[in-house]
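Trainee: I have a model open and want to learn how to read it. Can you take me through a helix and a ligand site?

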Amino acid sequence: MSSPPSLLDWKNRTVLITGATAGFGTAFAHRYAAVGARLILCGRRTERLEALAAQLSVPVHAVTLDVRDRPAVETALGNLPAAFADVDVLVNNAGLALGLEPASKASLDDWEIMVDTNLKGLMIVTRTILPGMVARDRGHIVNIGSVAGTYPYPGGNMYGATKAAVAQFSRNLAADLVNTAIRVTNIEPGLCSGSEFSQVRFHGDEDRAAKVYEGAVSLTPDDVAEAVFWTTALPRHVNITRVEMMPVGQAPAGLAVHRPKV
Ligand code: NDP
Ligand code: 8X3
C-alpha cells in the first residue's frame, strides 16, 4: 500500500476552492493552508477573498468570480497563472439554498438561482478544470452535495433536487474517469451551523436562521473541512466516492403520513 502524501507533497499541490468567502469554503482554505498547499480561492465578494488571503501564509490566487457566469469562469479558470495552472484538487463548494416554501408557493426566481449556482455553476467550473486533470492523469474533484440530495424534507424541493443532481453527476464523472487516476468524491453534510447558509436561505432573516440550530448540536465547517481533506489525503488508489455526514443528534427520521379526518 502506498503512503498518504507527506506535508512536503502538499506544498507542491494546488487546491481550487469555490465559495471560499464564507462558511465551508473558508474552513477548507484554512485546512489546506495548514499543510502548505497553493490555493485558488473564488467567490463574488472580493474584500472577503482579500481578507482571507491575508490570513494565509501560502501562495494564494484570489479570483472574484460568479460561478454562473460561464465566460468569466472560462476566462479566469481556463487561463490560470502558470504557478497555479495545474489544479490537483477542485472543491466545488459554491452553492446555496433559497427559501423553504412548499413547491406551489416557492419563488421560481429562487429555484432558478439554485439550479444556476449549485448545478450549472458546478458544471461550468468542472468542465473548465477537468481537461487539464485528464491531460496530467492526476487530480481529485470534491463536490459538496448535501443530505438534502438523498432525503426529502418539506420545503427542500429544488435545493434537494440540485444536490441529487450533483450526487449523480459525481457518479457519472467517476464512470467517465474510470480509466484515469482522477478521483471524484461527493461530500454530503447534514445540519451544519457556523456558515451563512441559513441566513442566505431565509434572505437575511437572522432570527429565523438562528432557530434552525437552536438547541441542537450541529456539525461545524471545520468538521466538513476535515472530511474533505481526509478524502484527498488518502493514497492515490483510494477513492472515497461519497461521504454522508451528520451530527450525532440528526438522523433520517421516517416517511410522512397524512391522516385525513373521517
Ligand atoms: P455559505 O453561505 O456560508 O457559503 C456559500 C459560499 O458560496 C460563499 O462563499 C458564497 O460566496 C459562495 N457562492 C454562492 N453563490 C455563488 C456564486 N454564484 N458564485 C460564486 N460563489 C458563490 O454556505 P455554506 O458554507 O454552508 O455552504 C457551502 C456549500 O455547502 C453549499 O454548496 C451548500 O449547499 C453546502 N451545504 C451546506 C450545509 C449547511 O448546513 N451549511 C449542509 C450541506 C451542504 P459569495 O457570496 O462571496 O459569492
Ligand atoms: C444543507 C442541509 O438539511 O438544510 O444542505 O438541507 S439541509
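Predicted model: local features only at pLDDT ≥ 70, side-chain atom pairs only at ≥ 80, totals over all residues.

Trainee: What span should helix 5 have?
Mentor: Helices are DSSP runs (H or I, at least four residues), numbered from the N terminus. The expected span is 1.5 Å times one less than the number of residues. Helix 5 has 29 residues (108-136), so it should span 42 Å; its end C-alpha atoms lie 41 Å apart, which agrees.

Trainee: Where is the kink in helix 5 centred?
Mentor: A bend is the angle between axes fitted to the seven residues ending at a residue and the seven starting there. In helix 5 the kink is about 35°, centred on Lys120. Just after the helix, Asp137 has a positive phi of about 50°.

Trainee: Which residues are around ligand 2?
Mentor: A residue counts if one of its heavy atoms lies within 4 Å. Here they are Ser146, Ala148, Tyr153, Tyr159, Phe197 and Arg201.

Trainee: Which side chains make polar contacts with ligand 2?
Mentor: For a ligand, look for a pair of N or O atoms within 3.5 Å. An N or O atom in the Ser146 side chain is 2.5 Å from a ligand 2 oxygen. For Tyr159 the distance is 2.6 Å. For Arg201, a polar side-chain atom lies 3.5 Å from an oxygen of ligand 2.

Notes. Residues numbered from 1 in each chain as written. Chains lettered and ligands numbered in written order. Heavy atoms only, no water. Helix = DSSP H or I, 4+ residues; strand = E, 2+ residues; numbered from the N terminus. Polar contact = N/O pair within 3.5 Å; in protein donor to acceptor, adjacent residues only side chain to side chain.
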